[in-house]
Amino acid sequence: MSPPRGAQSQEILVDVKGLKMYFPVTEGILISRTVAEIKAVDGISFFIKRGETLGLVGESGCGKTTIGRGILQLEKATEGEILYDGSDLTKLSQKEMSPIREKIQVIFQDPFSSLNPRMKIGDIIGEPIKVHKIISDPVERDKRVQELLSLCGLNPMFADRYP
């Protein structure tokens with residue numbers, strides 16, 4: 001779906017146009033050749049305006065996770081455009097994607113694969129803050145993690161628990 005006529009371009013934050021993500025099926029050990037393609041995503045288009053949240057719903061295997069991975073450029077698109085604030089993410093290097101990944105959040109459907117059972121909840125929440133150098137001081141980072149838990153209606157003491 002393309003933006004409605006008259007929609008202000010500055011209102012649209014994410015604009016996915018004709019996204020296709022195909023994966024090759026190969027055979028052969030010494031000489032590998034592509035014999036088919038799996039069409040994980042085949043021509044999807046949507047847009048998200050500033051301040052909106054998008055939830056993708058569908059049966060298992062329909063491409064929801066692949067779309068999220070494509071937007072984050074963890075998987076390369078076969079075809080299409082993924083515009084974020086006017087920049088085509090499909091044309092950016094991994095280094096150029098790093099600051100953009102700080103601003104985009106994809107929450108995958110399976111919480112058990114999203115949360116490392118060997119890490120405490122506070123470490124899981126604090127990891128992106130540390131990786132993206134948002135708060136470098138560990139004490140301040142821990143305070144922010146506790147604040148975020150409170151904002152979600154959770155007891156800040158949960159930071160020391162395992163998922």
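**Surface patch**

I looked up nonpolar patches and found one of about 470 Å², made by I29, L30 and I31. Patch residues have over 30% relative accessible area and no salt bridge, with like charges joined within 9 Å and nonpolar side chains (Val, Leu, Ile, Met, Phe, Trp, Tyr) within 5 Å. A salt bridge would be a side-chain nitrogen of Lys or Arg within 4 Å of a carboxyl oxygen of Asp or Glu. Areas come from the Shrake-Rupley method with a 1.4 Å probe, and for residues only the protein chains shown count as cover.

I noted that this is a predicted model, where local features need pLDDT of at least 70, side-chain atom pairs count only at pLDDT 80 or more, and totals for chains, interfaces and linings use all residues. Residues are numbered from 1 along each chain as its sequence is written, and side-chain values use heavy atoms, with hydrogens and water left out.

Is I29 buried or exposed? I have I29 as exposed, at 84% relative accessible area (buried is under 20%, exposed over 50%, partly exposed in between; 1.4 Å probe, protein chains only). I29 sits in the loop between β1 and β2.

**Hairpin**

I checked that loop next: β1 and β2 make a hairpin with five residues between them, and G28 in the turn has a positive phi of about 105 degrees. Strands here are DSSP runs (E, at least two residues), as are helices (H or I, at least four), numbered from the N terminus. The two strands run antiparallel and are joined by 13 bridges; pairing takes at least two bridges found by DSSP. I found F23 opposite I38 in β2.

**Rest of the sheet**

I traced four strands in an open, antiparallel sheet, in the order β2-β1-β3-β4. The edges are β2 (33-49) and β4 (87-88), each pairing on one side only. β1 pairs with β3 in the antiparallel sense over five bridges, and V16 stands opposite I82 in β3. β3 (residues 79-84) pairs with β4 over two bridges, again antiparallel. L83 has D88 in β4 as its bridge partner.

**Helix on the sheet**

Helix α1 (residues 64-71) packs on the sheet and touches β1 (12-27), β2 and β3, with its direction at about 75 degrees to that of β2. Contact means heavy atoms within 4.5 Å; axes are lines fitted to C-alpha atoms, for helices over the stretch in contact, with angles from 0 to 180 degrees between N-to-C directions.

I picked T66, which lies in α1. T66 counts as buried because its relative accessibility is 17%. Leaving aside residues up to four places away in sequence, T66 touches M21, F23, A40 and V41.
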